[in-house]
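Let's walk through this one from the inside out. Have the viewer open and follow along.

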Protein chains: 4
Amino acid sequence: MGKIRTDFSGVKLLVLDFDGVFTDNRVYVDQDGREMVSCWRSDGVGLSRIKEIGVKTIVISSEVNPVVRKRCTKLGIDCITGCKDKLSALKKVICEQGLSPRDICFVGNDLPDLGCLKYVGHPVAVKDSAEEVLKVAKYTTQREGGSGAVREVCDLIYKAHKKTQ
Amino acid sequence: MGKIRTDFSGVKLLVLDFDGVFTDNRVYVDQDGREMVSCWRSDGVGLSRIKEIGVKTIVISSEVNPVVRKRCTKLGIDCITGCKDKLSALKKVICEQGLSPRDICFVGNDLPDLGCLKYVGHPVAVKDSAEEVLKVAKYTTQREGGSGAVREVCDLIYKAHKKTQ
Amino acid sequence: MGKIRTDFSGVKLLVLDFDGVFTDNRVYVDQDGREMVSCWRSDGVGLSRIKEIGVKTIVISSEVNPVVRKRCTKLGIDCITGCKDKLSALKKVICEQGLSPRDICFVGNDLPDLGCLKYVGHPVAVKDSAEEVLKVAKYTTQREGGSGAVREVCDLIYKAHKKTQ
Amino acid sequence: MGKIRTDFSGVKLLVLDFDGVFTDNRVYVDQDGREMVSCWRSDGVGLSRIKEIGVKTIVISSEVNPVVRKRCTKLGIDCITGCKDKLSALKKVICEQGLSPRDICFVGNDLPDLGCLKYVGHPVAVKDSAEEVLKVAKYTTQREGGSGAVREVCDLIYKAHKKTQ
């Protein structure tokens, strides 16, 4: 377990980038230009457990391909796709839900996530993120994106909440 | 070879979880939401060899996607899919076949497998399983799921049976 | 960061091979002979940044399968595919754009790239290239093809240009 | 380079298993049961070079799925698929081509390849083969199947032939 410089028991909403977080950052492209991504089956168990204790999850992605929405639908989580300004989208979500930045855990891996990571109380970088992202994170996952990173963050939030009950 | 704390010559039925055992726990999702998994060609050779010596194989999976059934059909093994309570399903199988828990080798990797692993005589965890699963296993595979774990367990059962003949 | 024996601030055009550079050199083949390749989502961010500072990008590939063109279209870059003589194609591109070989960064990984790599001012090999390719390169990427190699080269060019401004 | 206990300049025919040699031994299965495998783009360059110097190539596979034939067609090499007795098939090929076992390099990875490996003059195992296969091989590749193993064997044959010219 890496060094955790934040208290995950305060997380009320988990917000995640998609590519590089739910996936290994690869996109499989076929000869018709159709896209496919590789996800981690066990992320679902983690997301279900934090849902049970009242922590909501939402994905904010700049990607326009419908593959993001399809995966989120299977996992039963909301998503905003084709998002060019993630921070504005995040602020709107926080406002609508009557939350404050300190209630939010944001998980990202690359430059377009920097704004959100700096804005929230619990910024998390997946292992192997861009250098700039690693610098602002209060926790870096031990598992890589698409190989258990989402599950790891869910388990940390779940266990932190359980401890404080 | 890892430390083996069980005698595989007693195994009469091999029961396996699917995702993370037959696969590397990844699911490939395309832009229509269609799913694909990655399996290990050489698992088939191992499953055939234990079939020859009278050890049956069955898969119990919580996954609803038909990909599980398709792979099992190709391998010529039975499967129960969309299973929400694996232990109940396992008990029913054991009863129907006139066996007892000590005749069963169960191979799993995550929390939903815990009940079955604690119930059977020969609990096996694949490498890189959840911590809770590793704790209850009497053997942990050297190979990862989807990269030879199933073949490894089949070979152990095959060799143990051959030795006692 | 590996040893850099070239000044990327002089690069006016980035020319890249496709397979093994944008991809991990694997091709996924299905039972109808259809092909798929695995690319790196974050290459797009790097290519966009060098476009902003006026560095153009073009792909020259010997592959005939349309998968190359499909990926380049998504990334918004030009490509020449089915190319049997990469050096001739490169010379034509350089001439048309009124450039000289010293303005070009070429990124390759295998024997068919050797002619281009020897011809340009900034020859780059991706990690794990053929031995002959590694010998002529002035920079070898730290990241592998299809896992950030293109992004790494883009970032080097971007930062070198920014420094000299 | 691993220890080579055979003189590849004597090879007149290269015979290869498919799964685990041209591929990483994985099979991707979708929800309709359709199969896909992952191959190495650069194998083509190696196969072309040995063809130029008169060394023929043929694949012998027990797999029935058409994916084997599709890949071989793209590479321009012959294949025998759905083969239950590889040694009989190999003997027939050798006879038809007027060759002897000492002219043959066979590349395999698992138990069904053992008969052929023991029969030919130049038995090669890919890295990470079954133990029994590694024992009978006169050369074990440095690269894994589907990641350059075929290319490596082709390059060894090519260079050995060139040396003796």
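Start in the middle: the largest nonpolar core has 181 residues, and those with the most contacts inside it are Cys105(A), Cys105(B), Cys105(C), Cys105(D) and Ile157(D). A nonpolar core here is a set of buried Ala, Val, Leu, Ile, Met, Phe, Trp, Tyr and Cys residues joined through C-beta atoms within 7 Å; buried takes 20 or more other C-beta atoms within 10 Å of a residue's own, with C-beta atoms placed from the backbone. Helix α6 (residues 149–163) of chain D gives the most to this core, with 7 residues. Helices (H or I, at least four residues) and strands (E, at least two) are DSSP runs, numbered from the N terminus.

A quick note on bookkeeping: this is a predicted model, so local features need pLDDT of at least 70 and side-chain atom pairs count only at pLDDT 80 or more, while totals for chains, interfaces and linings use all residues. Residues are numbered from 1 along each chain as its sequence is written, and chains are lettered from A and ligands numbered from 1 in the order in which they are written.

Now zoom in on Cys105(A). Skipping neighbours within four places in sequence, Cys105(A) is in contact with residues including Phe8(A), Val120(A), His122(A) and Ile157(A), where contact means C-beta atoms, placed from the backbone, within 7 Å.

Over in chain B, 6 strands make an open parallel sheet, ordered β5-β4-β1-β6-β7-β8. Strands pair if DSSP finds at least two bridges between them. β5 (78–80) and β8 (139–140) of chain B sit at the edges with a single partner strand each, so one side of each has no neighbour in the sheet. At the β8(B) end, 2 bridges join it in parallel to β7 (residues 122–125) of chain B, and Val124(B) stands opposite Tyr139(B). Helix α3 (residues 86–96) of chain B packs on the sheet, touching β1 (13–16), β4 (56–60), β5 and β6 (104–108) of chain B, and its direction makes about 155° with that of β4(B); axes are lines fitted to C-alpha atoms, for helices over the stretch in contact, and angles run from 0 to 180 degrees between N-to-C directions.

How do the chains meet? Chain B brings 19 residues and chain D 13 residues to their contact, with β3(B) giving the most on the chain B side, 6 residues. β3(B) pairs antiparallel with β2 (residues 26–30) of chain D over 5 bridges, and Met36(B) has Asp30(D) as its bridge partner.

Chains C and A also touch: 19 residues of chain C contact 13 residues of chain A. There, 5 bridges join β2 (residues 26–30) of chain A to β3(C), running antiparallel, with Tyr28(A) opposite Ser38(C).

Note on methods. Contact = placed C-beta atoms within 7 Å. Buried ≥ 20, exposed ≤ 12 C-beta atoms within 10 Å, placed from the backbone.
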